[in-house]
Amino acid sequence: MLQVNSGSMEAPAATTTISRDQLLRHLASVSGSPDLHSSLHALAQYVGASHYLLARCDVLQENGLDFVISSDWPFYLVKRLASESMATYARTSEVEKCLQLFQPGFSLLPDDLALPDRISRQYCSMTFNIGRTRLSLMLLFREGFAPSPERLRDAGLLAGYCVSFSHYAEGRSERDFELTDRELECLFWIAEGKTSDEIAVILGISRNTINNYITSVMRKTATKTRSEAIAFAVRNNLV
Amino acid sequence: MSSAFKMPRTQRISSRSDLYPRLVAMQKLIDAQHFAVCRLGGAGAAGKARLTMELDNFGPTSAADGKAFLDAYGDVLIDHMDKSMLPLLWNGVDEGSTAETPDLTPFTVRLRPKLLPCAGVAFPVRLGAVGNGYVSFMANYVDLASDLIVELHGRSCQIMMDLLALDEKRSPAAEALSDREIACLQLAGDGRISEEIAERLRLSVHTVNAYLGSATIKLDSVNRIQAIAKAIRLGYII
């Protein structure tokens with residue numbers, strides 16, 4: 001029979017949460033390691049969470065589990081999480097997301113999911129940004145446990161430090177689409193409402209060159225109109 | 001799936017001057033002499049991004065001090081914003097003018113020393129597509145224990161979010177967009193030309209263009225392309 005290690009199913013025994021000093025000492029000691037798990041696990045302990053999951057929000061809509069950077073959530077919950085968090089994520093605008101840095105939000109896991117023993121259906125999530133990549137830290141808690149807002153914010157911040165340190169969140173946008181600096185500049189000015197003539201003046205190059213850049217952008221991003229190209233750029237945080 | 005709720009934020013501020021007492025309190029926490037808040041603007045990834053001073057208490061020499069700071073470290077700060085949220089520390093010209101962290105050294109980044117008269121620390125705040133920048137404190141000498149760093153960085157994030165909220169308040173859409181206007185914007189953003197939108201929504205091309213035109217005006221834009229960009233950022237369309 002196939003044995004699969006699928007993350008701990010049981011809630012950990014009553015965790016004694018650690019102090020901020022202990023947490024910081026631990027983080028400093030493991031900072032050289034490329035493995036985020038040890039640091040994130042310590043952060044989870046600090047806030048009294050039973051499990052943690054660190055995800056890349058920009059990868060959420062793809063199938064598969066690439067959105068997970070590091071986690072000790074029970075595996076079957078992880079598989080459902082993508083569709084659940086995507087729904088919440090899509091409901092807020094970019095500006096709203098900007099105004100929620102490190103703000104803990106609470107959501108419920110679907111009723112049809114059987115949860116591990118004594119784990120609350122309510123999970124907490126916080127987003128933060130490393131460069132162009134938005135990340136979400138999602139935490140499970142034991143039933144009846146109310147995490148402290150201060151500790152949650154500290155944990156979010158320190159998670160950001162750990163990820164910054166380990167360079168996990170290398171931007172994918174520019175590399176994936178291979179847009180050159182000039183092409184991105186054109187996109188920026190178009191999003192500001194400038195015409196090709198105006199951009200030509202701004203950048204000091206000819207209008208034909210500008211149009212060539214734009215054609216190139218539309219080819220690389222498989223878009224048919226300037227409107228679509230700009231929409232694409234805004235959606236992918238390129239402008 | 002039931003909708004998420006967020007923990008209540010601290011009370012909204014009504015103007016930039018509300019931020020000064022908070023920044024002064026933060027500055028006093030670490031015995032610094034000045035604070036400065038700067039924000040990133042300009043072309044997204046095109047390397048033409050610029051930092052602009054938004055708030056500071058340098059006093060009568062404010063313009064010169066702000067410029068000196070950005071001249072010295074502006075490029076590094078812009079570059080750093082693209083890949084990390086670790087705090088930045090720098091030492092000043094004098095021997096005794098240093099910024100120290102006894103216990104959080106791996107999680108801080110050192111800038112080139114001796115470029116400015118005083119030492120200091122800069123906390124990067126990356127909110128997302130907009131509102132990014134640094135909250136910095138300048139001092140003759142500063143010794144930052146880890147809990148001070150965490151505390152100040154957390155408060156810095158709040159400052160930048162409040163600044164962004166102020167900006168948003170100052171320029172709301174003149175009126176709400178109608179359903180038709182939203183539908184036309186969405187389809188245009190999906191790559192449809194006016195004829196296709198007209199067919200899809202069973203309107204004439206003129207009507208479609210009229211809707212796009214009125215949406216453009218309501219979103220305070222010069223053309224439909226700029227309107228689409230704003231509409232996505234503000235959440236009217238996806």
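Guide: A:Ile119 counts as buried because it has 22 C-beta neighbours inside 10 Å. Buried here stands for 20 or more other C-beta atoms within 10 Å of a residue's own, exposed for 12 or fewer, and partly exposed for anything in between, with C-beta atoms placed from the backbone. What you see is a predicted model, in which local features need pLDDT of at least 70, side-chain atom pairs count only at pLDDT 80 or more, and totals for chains, interfaces and linings use all residues. Residues are numbered from 1 along each chain as its sequence is written, while chains are lettered from A and ligands numbered from 1 in the order in which they are written.

To find A:Ile119, look in the loop between strand E3 (105-108) and strand E4 (122-130) of chain A. Helices (H or I, at least four residues) and strands (E, at least two) are DSSP runs, numbered from the N terminus. A:Gln45 sits 74 residues away from A:Ile119 along the chain, and 15 Å separate their C-alpha atoms.

A:Gln45 leads us to helix H2 of chain A, where it is one of the buried residues. Eight of the 11 residues of H2(A), which spans 37-47, are buried, so this helix is largely enclosed by the rest of the structure. Besides A:Gln45, the buried residues are A:Ser39, A:Leu40, A:Ala42, A:Leu43, A:Ala44, A:Tyr46 and A:Val47. Their cover includes helix H1 (20-30), strand E1 (51-56), strand E2 (68-71), strand E5 (133-140) and helix H5 (149-166) of chain A. Just after H2(A) comes A:Gly48, with a positive phi of about 80 degrees.

Let us look at one part of that cover, H1(A). Two packed helices are described by the angle between their axes and the distance between the axes. The axes of H1(A) and H2(A) come within 9 Å and cross at roughly 175 degrees. Axes are lines fitted to C-alpha atoms, for helices over the stretch in contact, and angles run from 0 to 180 degrees between N-to-C directions. On the H1(A) side, A:Leu23, A:His26, A:Leu27 and A:Val30 meet A:Ser38, A:Ser39, A:Ala42 and A:Tyr46 of H2(A). By class, this contact has five nonpolar, three polar and no charged residues. Contact means that the C-beta atoms of two residues, placed from the backbone, lie within 7 Å. Ala, Val, Leu, Ile, Met, Phe, Trp, Tyr, Cys and Pro count as nonpolar, Asp, Glu, Lys and Arg as charged, and the others, Gly among them, as polar.

Leaving aside neighbours within four places in sequence, A:Leu139 is in contact with A:Ala44, A:Val47, A:Ala49, A:Tyr52, A:Tyr123 and A:Cys124.

Now step back to chain A as a whole. Chain A has 10 helices and five strands, and 42% of its 239 residues count as buried. Among its contacts between residues at least 6 apart in sequence, 63% join residues at least 24 apart. The domain assignment, whose bounds come from an automatic or database source, gives chain A domain 1 (20-166) and domain 2 (173-235). Taken over C-alpha atoms, the centres of these two domains are 35 Å apart.

Finally, chain A touches a partner: the contact takes 61 residues from chain A and 56 residues from chain B. The largest share of the chain B side, 10 residues, comes from H3(B). By class, that side has 29 nonpolar, 15 polar and 12 charged residues.
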